[in-house]
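Thanks for asking me to look this over. My notes follow as numbered points, to be read with the model open beside them.

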Amino acid sequence: MAEIPMAPALIDAAAFTRIEQTEGIHGISRPSLSYWQDAWIRLKANRRALWSLYLVAGLMVFTLLGPLFWQVDPAQQDVEQISQPPGADRNITLVPEYEPWYGSPDAPGEGLRFVADPSTQHVRIQWDPMPGAAGYRVYRNIFPIGPEQALGLPLQETDLSQTYFEDRLDLQPRDYFYTVVALDPRNKELDQLQTIQGAVTRVLSPSEARARGLIAEHAQAEIGSSYTLALHPLGTDYLGRDMLARLMHGARVSLFIGFFAPFLYVIFGVAYGSTAGFLGGATDQFLMRFADFVVALPFLLFMILLKVVFAIGPGESGILPMLLAMVLLLWPGTARLVRGQILQIREEAYISASRLLGAKTTYLVMRHMIPNTMGVILVTITFAVPSAIFTEAFLSFIGMGVAPPTPSWGSMCNEGIKTMLTTPHELIFPALLISLTVLAFNLLGDGLRDALDARMRNRE
Amino acid sequence: MWKYALKRVIQGVITVWFIATATFFAMHAVPGDPLSGDKALTERIRANLEIKYGLDKPLFTQYVIYLKNISQGDFGISFTQENRQVNDIIREHFPVSATLGILAIVFAAVGGVLWGALTALYRNRWPDTVIMFLVILGISVPSFVVAALGQLSLVKLNNLTGVSILPVGGWGTVWHMILPSMVLGLGTMAYLTRLMRSSMLEIISADYIRTAKAKGVPPTQIFTRHQLRNAILPVITVLGPSIAAITTGGFVVEIIFAIPGLGRYFVQAVQQLDYTVIMGTTVFYGAFLVFMVIVVDIIYGYIDPRVRLE
Amino acid sequence: MSNTHITSIDSEDAFAKSAARQLLIYGVGAVFVIGILMMGLQGLASIVGSGTTTADAIDIENQSITIAIRTEPPQLNSTLATDSSSGMILAHVMEGLLRMSMDDQLEPAIATRWEVTDQHATFWLRRDAKWSDGVAITAHDFMFAWKTALLPELGSEYAFLLYAIKNGRAINEGTMPPDSLGVSAPDDFTLVVELERPIAFFDKMVTFQTYLPIREDFYNTTDGKFGADADQMLYSGPFVISNWVHGSSLLLERNPHYWNQQTISLKRIHIGYITSDAGATLNFFKDGKIAYTTLLAENLNDALEQRWHIQREQDGTVFFLEFNHRDERITRNRNLRRAMQLVMDMEELVYKVTKLPGYIPGESLFPGWLQGVNDKFRKEYPVTKLRLNRESALQHLELAKQELGLDKIPEIVLLTGDNPVSNIQSEWTQAVLKRELNIDIKIDKQIFKQRLAKMTSGDFDLVMAGWGPDYDDPLTFGDLFASWNLNNRGRYNNPEMDRLIEIAQLSVDPTTRMEAFAGIQQLAFDDVVLLPMYERGVTYVVHPQLKDVKRRVVGAEVDFTRAYIVPAR
């Protein structure tokens, strides 16, 4: 080795000491990791991704094992507990069976009065004839009648001879304000009205109690005794069905579609797009034109068609045609994206290098290109999942979703929107679950992207 | 360059023809027809109507006649709106949907690029967390929920302030456009934010960025010319199909905000099996989409010097 | 050597800051660009804009109101119109021979007096009734309209209403020329109608929109586009359509040539919003943009909280479960139908599930608002009151199984539509029949056209159906299950039913007819031809300053023609 000329003034020889020759310093510092091993380590280290993995696992358990623990039939309706929020009062008192009522002219008292205690079975009111009236109209309000004279909901008109009324419309255990207004012969309201206020209690008749299993079949029913209605931890929906059970069963539909459809069409899209991008030329053009063609097809029309083609009988849930329609029609987006990335990567130096070394096409695609597009692919999948869930909800919105009574989170959201101001729990729970699923897949996708992204591999 | 464009256009026409054919036969394969109504028709009257609309001819003949007509630009008359030409329907209502769609895309693209870049820059710090949280919210709420909530909030706001800040529905002025297009673009904006972020993160750690920094290139130039420009590429590729999704997904927004757009007509036409409107809008949308894809591809070729247009 | 000792974090931070500043500049720039873009697009969009949607619900100075409708009328050709939107608008811009008053009585309109006998109906027209272009309305206009409606090539779905006139059916089937229609005009202002056979309620039928006049010379100038646009129509009613922006809005303005100006108060009715979303129209009402909206069960409490004045009417329709009586269906077995009848509690459906005031639990084929001889039909001829009885139902079920030779009742298909109300009801039906009778119901949810196709071809066991009145006489419900009626989708075929219907059709004596209807009603109950579910009602709110908004069960749903605005209190 020749002497390296040095500018003596710049370098102080005393600053350097010669080191000993030692053996074995060129050992392996750590085992060589394959791409996937490296990815797994990095994934485990990412706390957020780990939490999302647990969340996804948790949702799976909820769906698959939940019904084993909470064995309530999601289709069982209870009209006495319609749209009950969680934690609502469930006490009922037993009253005699319902009999039609046609007024009690001898009921004591004067003016507008209740005949018997108001209950959820019936509210019966009676009044004295008002002078000048040719008929009457009964109103019901849940607020006291203020100066605006907003009397509330008009329930019924009666003619002159009928000075009584029985209300059975959607009676809830709360205070109600009943008003009776006199009408002239042309059904216009006169200036005469009376109002009373009453509190409704929740009751059941013996036959209804027996139907719910609160009293044994042949046991004696004691009028006046108290019972408790079935517990619904997350409340009930618009037909009195248990929300928790419906969410569990709905998860199956939503997660099945939300997971499998994107999974399948993204895989197909990746294969398609990378082939097109890599091969280039006329093949690429042809493949991409076909993708354009698929994008422009009207989704709705083909959904209907596929349902017919699969001869979906009535009552079958129709999940499979929906899945098939989404897979057949939604892959072009991914394909285009992947193709774009491949076009970029194709020109990179290491690709030419690999090819010069004799790498085959499949090797190049599988080993070099796809891992480098992982970032984009993963983002696509994590967005495809909620998009698939929403597509299912949208189809329910226009009436082409799963057949009743099969629940799905999307259709539950749909129904919940209508009552979101009065009974928000019907919307909140399914929406929350959708959000959690979306969140989980997103964080997982983030973590996976960080873990799988080959370009970030060097950063320890 | 022009040869390329011409080739693409020819391919586009062929694609549109395929679309028309597939839709035509799919449409006729679905049970039901535009003539059935709530009141039953006698056999005679039904036969008369079928002759009037040419539905009595064999399917293939109808197909050929239809192709001949559209090659001359005549999409026929709507079955449900019996005296309106489909051409008129498209001509009058497409600009509305297009406006809504364009604004939504612009909101989504601008928002997506800006927020995405911001979160990439401040990765794992508080702007990142806040924005990503909003993004998750934006993508986990379905469009009809957002539309309903948006309209309701506006009504409450108007009532509270006693002034009509923005119209809650209808169409006609600039103010009518704001809320519906924001609602429509929200989901896509969230998606583009994510995409942009992911793309930016990859680029930030790329070697050529390090080189540029080391060379002393001013940060603004690095940012705009290198990072933003390269990171935008995936976003642009996705814009093409997003446009289609937005113009048809606008259906929900059009109904809730009472907007006279083409999306609403199209879905109703599918439900009513109004053959001419279905064919007309599908062919039209198909052509429009194919055209947009061509435009996007050409733009892509300009921006990314590495991609050579063949 | 420069001091390049910068730690990586610092430089990243500085980089981030400068980049963020860049972003801010771009952001502000973008807002500007968007603003300009919006203004540019406005030029594009206002081609279709309704322009005046910033109008308020009530404008007392200009005597104008704004309302919304659910769907756009496909066209306003009175010979073809079938849907409720067209019906509503036609009731405002057109007037026929007679009309229903605010008290639901028949009153003169273009005809000042009329006379109906067994063979003829004669109408004497007023001389001062004019079209919107100033030309007088004559008897020829009615004759032309009716002949046009009967043209076979037009395929009008309501042509059957004109079969009451001599040769009407023959013309519609193409066996006789249009000019053979049994109408004549001895002079311009007298119209003589020859009846095919005696019809007791012909005078009520002429209030229907298919009987509206059309002027021949104008019709011929429209070249097939009659009724497609505002300028392709002539108006005989209190309002004209001065602007029709398709899909967006219609503007109705006072017709200066209308003969009865003093009864009309409003100058303009602006139909500013077309949307089928009930939540959206409620929002428009809350925002003070429209003067009228209907309510759903979900927003009742909201309406109460807003202290609105809520009103409720019948909407005239009856909803029922229709059975398929064809030979190959198990629902042809009467014991099976009786079993279902004895367990379905329609009161529960109405009071607990549907929860809207105005819905009356169904008891009969005929709704309660129909008029009988002197009083309401259902009061004079009450239907048998049904008492639910589960044990009896189970016995009938056993009998059914024996008669059908089955061990177990197979799955029954319930065909239903795709609107939210029918969803709830079909799910409830499914649960009840499963719980009480252990019958499995499969719900076949189809959207509109597919459901119609299946109904016509008979591809169902049960179907949820509704029927609204075409004219104000019990026959519009009574003839539903005639064996020749194409609307009898279940193909119920009973000679006794046919016989009673023919009596009702041919007789003119009110009592005989009402007795025939009572027979039909009872037969429908005894033979369980259908299961009435409810008579539908509608709950709605009107702007407090708008008075005399009229709802009807027959004809146009809601009528603003005689409405007027009062000052705010």
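1. How many Å separate the centres of domain 1 of chain A and domain 2 of chain A, taken over C-alpha atoms? The answer is 55 Å. Domain 1 takes in residues 50–72 + 239–459, while domain 2 covers 94–206. Please bear in mind throughout that this is a predicted model.

2. On confidence, the predictor assigns the complex an ipTM of 0.83 and a pTM of 0.81. Chain C has a mean pLDDT of 88, with 96% of its residues at 70 or more. Its residues 1–9 fall below 50, and this stretch makes 1 contact in the model beyond near neighbours in sequence. For chain B, the mean pLDDT is 78, and 92% of the residues reach 70 or more. Within chain B, the element with the lowest mean pLDDT is helix α9 (residues 219–256), at 72. The highest, at 84, belongs to helix α4 (residues 86–121) of chain B.

3. Chain A is built from 12 helices and 10 strands. Of its 460 residues, 43% count as buried. If you look at contacts in chain A between residues at least 6 apart in sequence, 73% of them join residues at least 24 apart.

4. Have a look at two helices of chain A, α5 (residues 243–279) and α8 (residues 319–346). Their axes come within 5 Å and cross at roughly 35°. The crossing of α5(A) with α8(A) is right-handed. Sorted by class, the residues in this contact are 25 nonpolar, 5 polar and 3 charged.

5. Next, the contact between chains A and B. Chain A brings 45 residues to this contact and chain B brings 44. On the chain A side, the elements giving two or more residues are α6 (281–296), α7 (299–309), α8, α10 (361–397), α11 (409–418) and α12 (425–452). That side of chain A holds 28 nonpolar, 10 polar and 7 charged residues.

6. Chain B also touches chain C, through 59 residues of chain B and 65 residues of chain C. At least two residues each come from α2 (43–53), α4, α6 (143–161), α7 (174–204), α9 and α10 (262–272) of chain B. Which helix gives the most to the side of chain B that touches chain C? It is α4(B), with 13 residues. By class, this side of chain B has 33 nonpolar, 20 polar and 6 charged residues.

7. The number of buried residues among its 9 is 0, so the helix lies largely in the open. Just after α8(B) comes B:Gly216, with a positive phi of about 90°.

8. Finally, here are two asparagines for a backbone check. A:Asn187 has a phi near 65°, a positive value in a residue other than glycine. A:Asn187 sits in the loop between β7 (175–183) and β8 (189–199) of chain A. Why does A:Asn187 count as exposed? Because 11 other C-beta atoms lie within 10 Å of A:Asn187, and 12 or fewer makes a residue exposed. In chain C, C:Asn438 has a positive phi near 55°. C:Asn438 is found in the loop between α13 (420–437) and β16 (441–445) of chain C. With 11 C-beta neighbours inside 10 Å, C:Asn438 is exposed too.

Note on methods. Residues are numbered from 1 along each chain as its sequence is written. Chains are lettered from A and ligands numbered from 1 in the order in which they are written. This is a predicted model: local features need pLDDT of at least 70, side-chain atom pairs count only at pLDDT 80 or more; totals for chains, interfaces and linings use all residues. Axes are lines fitted to C-alpha atoms, for helices over the stretch in contact, and angles run from 0 to 180 degrees between N-to-C directions. Helices (H or I, at least four residues) and strands (E, at least two) are DSSP runs, numbered from the N terminus. A crossing is left-handed if the near helix is turned anticlockwise from the far one by less than a right angle, and right-handed if clockwise. Ala, Val, Leu, Ile, Met, Phe, Trp, Tyr, Cys and Pro count as nonpolar, Asp, Glu, Lys and Arg as charged, and the others, Gly among them, as polar. Two residues are in contact if their C-beta atoms, placed from the backbone, lie within 7 Å. pLDDT is the predictor's confidence in each residue, from 0 to 100. Domain bounds come from an automatic or database domain assignment. A residue is buried if 20 or more other C-beta atoms lie within 10 Å of its own, exposed if 12 or fewer, and partly exposed in between; C-beta atoms are placed from the backbone.
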